[in-house]
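Here's a quick tour of one part of a model, starting with a sheet and ending at a single side chain. Have the viewer open as you read.

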Amino acid sequence: WPSYYVVEPSGAPFGSPMRLIYQAVTRTGNLGAQPDPWMLDQTITAEQALSALTINGAYATFEEDSKGSISPGKLADLVILSADPLSVPTEQIPFIQVWMTMVGGRVEWCAPDAQSLCPTSIATAPATTLLVPAGQPIHIAVVGPSSGKHAAFLPAMLESAQIAVGDHGPVHGFDIVLEPFDDACDEERGAQAANTIIGDGGFAAMLGPLCSVSARGGLPVYEGASLPIVSPGATDPALVGTYRFQPGDPQH
């Protein structure tokens, strides 16, 4: 029965994972309330408590394939702690500090005195690896408008890319296949195309989006993904400043 309070006069927050581990190991209550004797029969180890807060919690919500442990193919949701809760004395567990929090491979919080541990941009965050089976081609998405008033742009992009692919030839023996996605130069359609491409998981790179309007819908989706992007639409100063696609970065 973990603590359900999140405000405390001092010390670790009631709802912090470190406090929950400590309470599970000691059965000490909020504000240091000592357990009744029968509660001591309900203690678990720090390792069991850590599993309950990670992989077992993911299993309980049917998300163990993407969360709950740090392994290939899963979201990089992780923290760097100031000490190991499995090895420090039990009484020190509540005082372990979080130095960095990463969600989906992106640093969301970094302690002021731990800057050297925190990647400063998407480009330095851990990248994923795309495995292409032997005999299969490398797929590259081409995103632009083939409908609406700018309908001629995507066919022109696709033709130019096909010429470049033809000139270069296979990459390390793998053929290149270009797959077009129509975003209609529309913000909502741009987001839809982005979600389809990222959700597929089989694309090695992307050309586009071409329009700044559709880029506003798509770039928030692409930003957290390890997908090399060549995007004419990311040159809008507002987009570059917001989504950090700077010239020279691998994702630009």
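## The sheet

Two strands count as paired if DSSP finds at least two bridges between them. Strands (E, at least two residues) and helices (H or I, at least four) are DSSP runs, numbered from the N terminus. With that settled, there's an open sheet of four strands, ordered β5-β4-β6-β7, and its pairing is parallel. At the edges sit β5 (176–182) and β7 (229–230), each pairing on one side only.

Strand β4 (residues 138–144) runs parallel to β5, and seven bridges join the two. One place to look is I138, whose bridge partner in β5 is I176.

## Helices on the sheet

Helix α4 (residues 153–168) packs on the sheet and touches β4, β5 and β6 (203–207), where contact means heavy atoms within 4.5 Å. The direction of α4 makes about 170° with that of β5. Helix α5 (residues 187–200) also packs on the sheet, touching β4, β5 and β6, at about 145° to the direction of β5. These angles run from 0 to 180 degrees between N-to-C directions, with axes as lines fitted to C-alpha atoms, for helices over the stretch in contact.

## Zooming in on S214

S214 sits in helix α6 (residues 212–223). S214 counts as buried because its relative accessibility is 1%; buried means under 20% relative accessible area, exposed over 50% and partly exposed in between (1.4 Å probe, protein chains only).

Leaving aside neighbours within four places in sequence, S214 has contacts that include C185, G190 and P209. The side chains of S214 and D183 are joined by a polar contact of 2.9 Å. That term means a pair of N or O atoms within 3.5 Å; within protein, one must be able to donate a hydrogen and the other to accept it, and residues adjacent in sequence count only if both atoms are side-chain atoms.

## About the model

This is a predicted model: local features need pLDDT of at least 70, side-chain atom pairs count only at pLDDT 80 or more, and totals for chains, interfaces and linings use all residues. Residues are numbered from 1 along each chain as its sequence is written, and side-chain values use heavy atoms, leaving out hydrogens and water.
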